[in-house]
Amino acid sequence: MTVVIAGAGPTGLTLAIELARRGVPCRVLDKAATLFPGSRGKGLQPRTLEVFDDLGVIGAVLAAGEPFPPMRLYRGADVVWEKPIYELLGLPELEPTPTVPYPYTWLIPQWRTDQILAARFAQLGGVIEFDTEVTGFDQGADGVTVHTNRGPVCAEYLVGADGGRSTVRKMSGVEFLGGALTEERIVVGDVRATGLDGRCCHLLTRDGDQARRFSLWNLPGSDHYQFVVTMAPGDEIPALTLEGMQAVLERRTGRTDIVLSDLRWISLYRVNLLMAQHFRMGRVLLAGDAAHVHSPAGGQGVNTGVQDAYNLGWKLAAVSAGAPGALLDSYEAERLPVAAEVLQLSGLLHRQGFGATAPAPAAIHQLDINYRGGPLAVDTDPSGALRAGDRAPDGLLPDGRRLFDVFRGPHWTVLQFGSDPVDFGIPQVRLAPNADYDVPVGSHVLVRPDGYVGAISTRADVIRDQLRQTGQAPAAISG
């Protein structure tokens with residue numbers, strides 16, 4: 001089976017890695033000449049860091065980034081206050097625990113994330129086909145013919161990870177519903193800047209009015225800053241040039257000592273909340289911004305796309321190995337409700353701004369996303385706090401390993417809590433019931449390849465049936 005992935009951003013590359021490490025042939029096509037050069041999606045949430053741990057890139061991601069810096073508000077050249085972002089969002093600052101090894105939102109420019117993922121894909125034998133634009137497709141009962149500017153490509157499945165203006169989505173005919181969140185426009189880009197001290201998100205104003213700020217974020221591992229400028233309705237849109245941004249900076253701050261240079265990337269956009277009404281149309285699937293577009297508030301965009309791909313990858317591989325094609329229906333069933341919740345959350349955060357009552361921290365960190373009640377969640381005795389469909393927590397084992405060490409890789413895992421040993425033909429660990437895994441004594445907990453609980457039951461036949469229905473055979477998942 002061959003899968004064509006349109007788009008070499010974080011979503012497409014995550015999916016490509018997932019397929020490549022399972023031996024599923026895929027072709028990644030991107031109409032650009034190179035990887036995206038800008039910092040756009042710069043915040044990785046804790047759940048995404050867990051995904052990157054599994055994909056084998058967490059060391060590079062941590063080395064290339066840093067925890068989110070404090071926010072610093074200026075009135076002219078004077079500092080009014082400096083506060084951690086957690087405080088401004090009304091959230092407690094989290095600390096590492098055995099169950100949550102990566103509690104911090106991680107600041108890393110998107111161009112660096114893309115580079116790290118592309119290098120991992122190359123390590124697995126993958127090649128990104130740049131300057132290759134998907135222009136359309138035809139699908140039949142047995143496959144998809146993908147039309148490109150370089151000629152047709154035949155595949156069993158096509159995944160559109162080609163951004164908010166997705167050609168794949170448009171050609172599929174699926175409805176993309178929603179609209180503009182506000183009439184504001186936002187200008188974002190990357191520049192060098194002199195005249196600033198300290199590593200912060202510098203909120204530069206003339207008189208302390210945050211609505212008229214010029215924001216400059218220090219970017220780790222780079223001399224560049226990301227700038228963000230919100231243009232209210234009626235504001236004249238500046239020239240999208242270095243000179244245009246320098247003029248806006250001086251007008252909004254009254255300062256001429258901050259000098260911008262080396263404009264690397266710039267974009268003007270309106271904040272939209274849009275979602276495709278289906279994520280699967282036969283052999284064509286959508287992921288990331290191609291499936292849902294929302295406000296950057298709360299740093300949800302890249303993260304939701306990465307997790308779309310993480311959910312879809314093992315399912316495409318299972319179908320390739322002989323699982324029923326209907327398994328792919330669970331992708332939409334699980335991820336579409338998540339996307340709808342993320343749209344609602346990002347819209348709320350955008351409207352309220354800093355300093356208002358915020359949602360619970362897990363809602364932003366994406367650690368509480370679950371697939372309870374979904375087609376792949378089986379509970380025969382749902383009396384414990386942990387339920388099928390939940391994220392499987394990390395934890396420390398007596399031999400010094402973490403549970404994430406056991407989960408890491410493309411396989412399923414069974415955790416056995418006080419039950420009689422049963423050989424399911426997949427990796428398994430015997431544990432004592434505990435607060436982090438609050439399940440009935442004697443339970444088998446089946447953990448999916450994407451780190452979610454697929455089933456909890458004291459009955460071994462339930463676990464075997466779930467493995468069989470998802471196309472898992474011991475020979476295919478032995479390591």
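**Notes on the predicted model**

1. Helix α8 covers residues 301–320; helices here are DSSP runs of H or I with at least four residues, strands are E runs of at least two, and both are numbered from the N terminus. With 20 residues at 1.5 Å each, α8 should span 28 Å, and its end C-alpha atoms sit 29 Å apart, which agrees (the expected span is 1.5 Å times one less than the number of residues). The helix is mostly covered, with 18 of its 20 residues buried; buried is under 20% relative accessible area, exposed over 50%, partly exposed in between, using a 1.4 Å probe and protein chains only.

2. A word on the ground rules: this is a predicted model, so local features need pLDDT of at least 70 and side-chain atom pairs count only at pLDDT 80 or more, while totals for chains, interfaces and linings use all residues. Numbering starts from 1 along each chain as its sequence is written, and side-chain values use heavy atoms, with hydrogens and water left out.

3. Now the open sheet. Six strands make it up, ordered β8-β2-β1-β12-β19-β18, with mixed pairing; two strands pair if DSSP finds at least two bridges between them. The edges belong to β8 (128–129) and β18 (280–281), each with a single partner strand, so one side of each has no neighbour in the sheet. Further in, β1 (residues 3–6) and β12 (residues 157–160) pair in the parallel sense over four bridges, and I5 stands opposite V159 in β12.

4. Helix α1 (residues 10–20) lies across β1, β2 (26–29), β8 and β12, running at about 160° to β1. Axes are lines fitted to C-alpha atoms (for helices, over the stretch in contact), with angles from 0 to 180 degrees between N-to-C directions.

5. V168, in helix α6 (residues 167–172), is worth a click. V168 counts as buried, at 0% relative accessibility. Leaving aside residues up to four places away in sequence, V168 touches A6, V134, F137, L158, G160, D162, V284 and L286 (contact means heavy atoms within 4.5 Å). One of these, L158, is ten residues from V168 in sequence and 8.5 Å away, C-alpha to C-alpha.

6. On to the rings: searching the whole structure turns up eight aromatic pairs. Rings of Phe, Tyr and Trp (its six-membered ring) pair if their centres lie within 6.5 Å; planes under 30 degrees apart are stacked, over 60 edge-to-face, the rest tilted. Among them is F36 with W265, edge-to-face at 5.2 Å centre to centre and 80° between the planes. F36 is in the loop between β2 and β3 (43–44) and W265 in β17 (residues 259–276), so this pair ties together parts 229 residues apart in sequence. W265 is buried, at 11% relative accessible area.

7. Another edge-to-face pair is F68 and W217, 5.5 Å centre to centre with 80° between the planes. This one also links distant parts of the chain, 149 residues apart: F68 in the loop between β4 (66–67) and β5 (71–75), W217 in strand β15 (residues 214–218). W217 is buried too, with a relative accessible area of 10%.

8. Last, β22 (residues 413–417) and β23 run parallel, joined by four bridges, and F417 stands opposite L431 in β23.
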